[in-house]
Amino acid sequence: AQRQFDAGRATMDLWPLEELRLNYPIGSHLWLAVAARWTGLEVHEVFRHSFVLALCGAALCVGAWTEKVFGSAGHAAAGALAFVFGSYQASFYPYTWGGLPSALAMWQGLAAWYCLFQLPGRGGLVASVILLSGVTMTHHHTMVALLGGTGMVAAVGFAIWREHRAACVRVLVALVGSAVIAGIYLVPLARHAGEIGHTGTLKYYEDFAWPWEHLWGWGLPLLLTLCVGLVTLRRTECRSSRWFLLGIAIFWLSCFAVLDYVGRGVSLWMYGQRATPFTPSRFLFDVQFVAAIIAGGGLWQFWLWLRRPAFRYALVAGVACWGVWKTEPRWNVVPSDVLMNVGQWSREHLPEDALVTGLYLPEDALVTVLPDIWLTYVCRRESTSLFIPISEPASTARHRVKAVLLRAPHGLSGNQWRAHLGKPIFVVASVRDESWGSEPIFVDELLAVYHLSASEN
């Protein structure tokens, strides 16, 4: 997003911040850059506030869907509550792992479905086409999961249920229209599909957990209200919406099971490596948006069963407190905050073509390397520790040289490193570290900046 802001235009090239051509869609990053320019806020501040926007927008969509499926405004309120505090892995957790593109894409997907099924006529169809194309240009995994699942359910529905064929045709037309608009991103992505072996997409590994462990991680309030909601769902009149939601949830759960369990076994058997291709846990993330809609119906049924106001308010408070309790341990202070003053000084004083490495901090008699993924952003300079998504081909010669520099900065002299990388090298390390052969050029409490190229190691 900062690269888009600095360039003043859409670009898939991160240079000079990183030697990388992006496969990752930049829709959410363009939003951050444009909003930062409009508001005068820093990009990371817009990033933080945008989570609130995505949370509120998705909650409104879940509430609207719950009302249409179950039939009352009370269901809508219950659905929004079930999403925010019951599906906390989909509402709160993205803030703790930087999942803004996923959250924004799912919000657009929910809105597109609503337009398709609840807004008849050309207006709803056109709106759904625009929103589905927005999903494509916001997050690639959500694009595959949401558009693939939507198309699969619509195709099966067209083939099996004659009474739902009109709705299925409408969905398929919207998908085709969105693909035409999103071709500006899809065509270049298809050209680079052969590079998937050079990315981490097929090699990514997630810890193993049994299905019941994943379900228990959703939390007791969501599981209970979901079970009651599934029973209540059978009595609803909105049949096409009901079968669509159930169909896409089953499709996503099937994708998770195949990729996480079957894919894990195939990878170990054929290649001898433990891998879970295509990040299967993201399908569980997507399912929780649909689960919240159904759980809203169950939560409202619990509200009706508890006739005393005190019990009803206790129910709401219990769901809310559970979500906060499960999320609170993940809200930790980011250690990268100590870099803020170093970053501001670097932006003002380091040359534009500087390369920054670090952090090197003393621990007993050794020096511990703590590569900080925010170093590139706070300094606005190329660094050795930028986080690169698994969808990107990151194994270039330059990346390998920078990895060696990060691990063993004293292996070559400062001038030799500069000859390899073509940039002056600056190091962020402890102010007590005397191994760099020169005085620090900037000191901020316990951290200091050293000019490695000025010293001969």
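The model is predicted, so local features are given at pLDDT of at least 70 and side-chain atom pairs at pLDDT 80 or more, while totals for chains, interfaces and linings use all residues. Residue numbers start from 1 along each chain as its sequence is written, and side-chain values rest on heavy atoms, with hydrogens and water left out.

Two rings of Phe, Tyr or Trp (its six-membered ring) form a pair if their centres lie within 6.5 Å; planes under 30 degrees apart count as stacked, over 60 as edge-to-face and the rest as tilted. By this rule there are 24 aromatic pairs. In one of them, Tyr88 and Tyr93, the planes stand at 55° and the centres 5.6 Å apart, so the pair is tilted. Tyr88 is buried, at a relative accessible area of 0%, and Tyr93 is also buried, at 13% (buried means under 20% relative accessible area, exposed over 50% and partly exposed in between, with a 1.4 Å probe and protein chains only). The face of Tyr93 also carries a charged neighbour: Arg330 lies over this ring, 4.0 Å from its centre. Such a placement requires NZ of Lys or CZ of Arg within 6 Å of the ring centre and within 35 degrees of the ring normal. Arg165 likewise lies over the face of Phe158, at 5.0 Å from the ring centre.

Another pair, Phe208 with Tyr261, is edge-to-face, with 80° between the planes and 5.7 Å from centre to centre. Phe208 belongs to the loop between helix H11 (183-191) and helix H12 (211-218), and Tyr261 to helix H14 (residues 239-271), so the pair ties together parts that are 53 residues apart in sequence. Helices (H or I, at least four residues) and strands (E, at least two) are DSSP runs numbered from the N terminus. Phe208 is partly exposed, with a relative accessible area of 40%, and Tyr261 is partly exposed at 22%. Elsewhere, Trp65, Trp113, Tyr114, Phe117, Phe244 and Trp252 make up one aromatic cluster.

The second largest pocket has a volume of about 370 Å³. A pocket here is an open set of points on a 1 Å grid over the protein atoms alone, where a 1.4 Å probe fits, with protein on both sides within 12 Å along at least five of seven lines; lining residues have an atom within 4 Å of a point. Of the 20 residues that line the second largest pocket, Pro335, Val338, Leu359, Leu361 and Leu447 are the closest to its centre. Strand E1 gives the most to this lining, with 3 residues.

Terms used. Points joined across faces, edges and corners; volume = space filled by probe spheres on them.
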